[in-house]
Amino acid sequence: MTDTTPKIIIIPPKQEDVQAQAAKKHLRVAAYCRVSTDDEEQLTSYEAQRTYYTEKITQNPEWTMTSVFADEGITGTSVKSRKEFQKMIRQCRMGRIDLILTKSLSRFSRNTLDVIKYTRELRNLGVSVIFEKENINSIYPESEFLITLYGAFAQSESESISKNVSWGKHQAMKAGRAIIQYKRLLGYVKGENGKPKIVPDQAETIRFIYDRYLAGDTLRALKARLEADGVPYITGEASWNISGLQSILQNEKYCGDVLLQKTFIQDCISKKVIKNTGQLPKVLIQDHHEGIVSREMFDAVQAETARRRAVAASTKKSAPTGLGKYSGKHALTSLLVCGECGTPYRRVVWTQKELKRPVWRCVNRLDYGKRVCKHSPTLDEKPLQQAILSAINSLMRQKDELLDEVSDELAQELTPYSGEVMSLGDIDRAVENLSKQFDQLIQETGGEENLMDNMEQFQNITSQLAALKERRNRVLNLRAENSQMTWRLQRAAAVMREAPAEITEWDERLIYQLVEEVKVMSADQLLIRFRNGAVVEQPLGSREAVA
């Protein structure tokens, strides 16, 4: 018979397999540390964490140390900005880490969603995270409930801290304390008293920008001029940008004020910065520090900016988004308006038999035709300019008399507000007294059962407070209007003094500084209003008008 007994052959393991199996017994261990600020105490804690985990991992014979990942001075509410954390996760995905040690759940993340997301991902990769303070190992599925619970506590703690910080900032705002970022603030450095201190050479640049903007320069023209002159920006280089110039012209710090809470952080988790367009109250601290430009000049720039935007978006068809582009190349672009529909005129170049003919036409007439603006004339540029120059020269012949009139108007503007006998201080004191009376009446009332007995007094105090607040707003508005008017008249007088007795050539900048508005009443008549308040009816001489 044939022997059917199976033969058993013993195959000894290969040497490389034995070494691989031995290596598997050693867990590849990493540690993660984080401190949220750069304070000296926290940095000491940061170094202590690194030292602790380095010693702990190297002293365990069953562990092989891969790395200690540490983020310094980084928030725990988001993992996006934590480079070391992201590097650790990438190495886990590449299969280079088996175990992660960390001090606590709050060190790993203060965002509950992030904690759950990454511990789940690491569990699926076979990587466990040990949170030493909570004594939790994330490799076990049942640990997820505890991770969620402790993660929620950590997030709640961050939210509570955030609310306390916000409350502290609001109290500082009410007390008139302002935190100013000087890194991007041209013209100022932090002074010894903690308030902005003027840098003289940079302040001259700021004044130049404000002055040229009011003289009619566009932002692009300002940029080109500053760069051509080699004027340094806050970066130290002679390279300017439109948004930077716009920010300078809109920054209230240059007139000595500080407006707080222009932006706010949506929440402590996303940390998204949102522009404050009325969601929260803003706090304006006036005369906080020495201004580089006067408040009147600053207000005039804001009014000029608003006027340019209105001119740029004069019709829905030409600027349907309301974001039309202002052009300062021709002064009449922002000065010439239609007497019939009130829309600005636009410069158009006609070409006839290879001859170019610049004319000015009503924007409404151009966009919509006669159905919107039936009688606005088309004006040739040369006769139009000559008519305006004639009006200016007739005005300049009476320069001395006009300057006397401006002085009288200035004196009139500086007189007390008509019909108002209370100052702002008187109004504020009256409001404070009434508020005290209101609080005292509440204490005397005691409970709800006595509320109706004093209802008439409550209503009387409330109505007086409302009237005083309305009165205060009226005085503030009158003060702002008078301030702007005073500055406008002073500027007009200065331009008139410097202007020649007779202007023979068209000068865009001078025209812009002298003329407030040119209204086209008909093909034969212009109504010209000057910045000093004078109004001249000027006939159009030699012209070629097209209806």
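User: Which residues touch the most other members in the largest nonpolar core?

Analyst: Leu384, Ile388, Ile392, Val515, Leu526 and Phe530 do, in a core of 33 residues. A nonpolar core is a set of buried Ala, Val, Leu, Ile, Met, Phe, Trp, Tyr and Cys residues joined through side-chain atoms within 4.5 Å. Buried means under 20% relative accessible area, exposed over 50%, and partly exposed in between (1.4 Å probe, protein chains only). This is a predicted model: local features need pLDDT of at least 70, side-chain atom pairs count only at pLDDT 80 or more, and totals for chains, interfaces and linings use all residues. Residues are numbered from 1 along each chain as its sequence is written, and side-chain values use heavy atoms, with hydrogens and water left out.

User: Which element gives the most to this core?

Analyst: Helix α13 does, with eight residues. Helices (H or I, at least four residues) and strands (E, at least two) are DSSP runs, numbered from the N terminus.

User: And what is Leu384 in contact with, leaving aside its neighbours within four places in sequence?

Analyst: Leu384 is in contact (heavy atoms within 4.5 Å) with Leu332, Leu336, Trp360, Leu379, Leu526 and Leu540.

User: Leu526 again. Which way do the side chains point along β17?

Analyst: They alternate along β17, residues 525-530.

User: How many bridges join β16 to β17?

Analyst: Five bridges join them, and the two strands run antiparallel. Two strands pair if DSSP finds at least two bridges between them. Lys519 stands opposite Leu527, and four residues separate β16 from β17 in a hairpin.

User: What about β17 and β18?

Analyst: These strands also run antiparallel, joined by five bridges. Leu526 stands opposite Gln538 in β18. Their hairpin has four residues between the strands, and Gly533 in the turn has a positive phi of about 100 degrees.

User: Changing topic: is Asp380 buried or exposed?

Analyst: Asp380 is buried, with a relative accessible area of 10%. Its side chain makes a polar contact with the side chain of Arg357 at 2.8 Å. A polar contact is a pair of N or O atoms within 3.5 Å; within protein, one must be able to donate a hydrogen and the other to accept it, and residues adjacent in sequence count only if both atoms are side-chain atoms.

User: Where does Asp380 lie?

Analyst: Asp380 lies in strand β15, residues 379-380. Three strands form an open antiparallel sheet in the order β13-β14-β15. β13 and β15 each have a single partner strand, so one side of each is left without a neighbour in the sheet.
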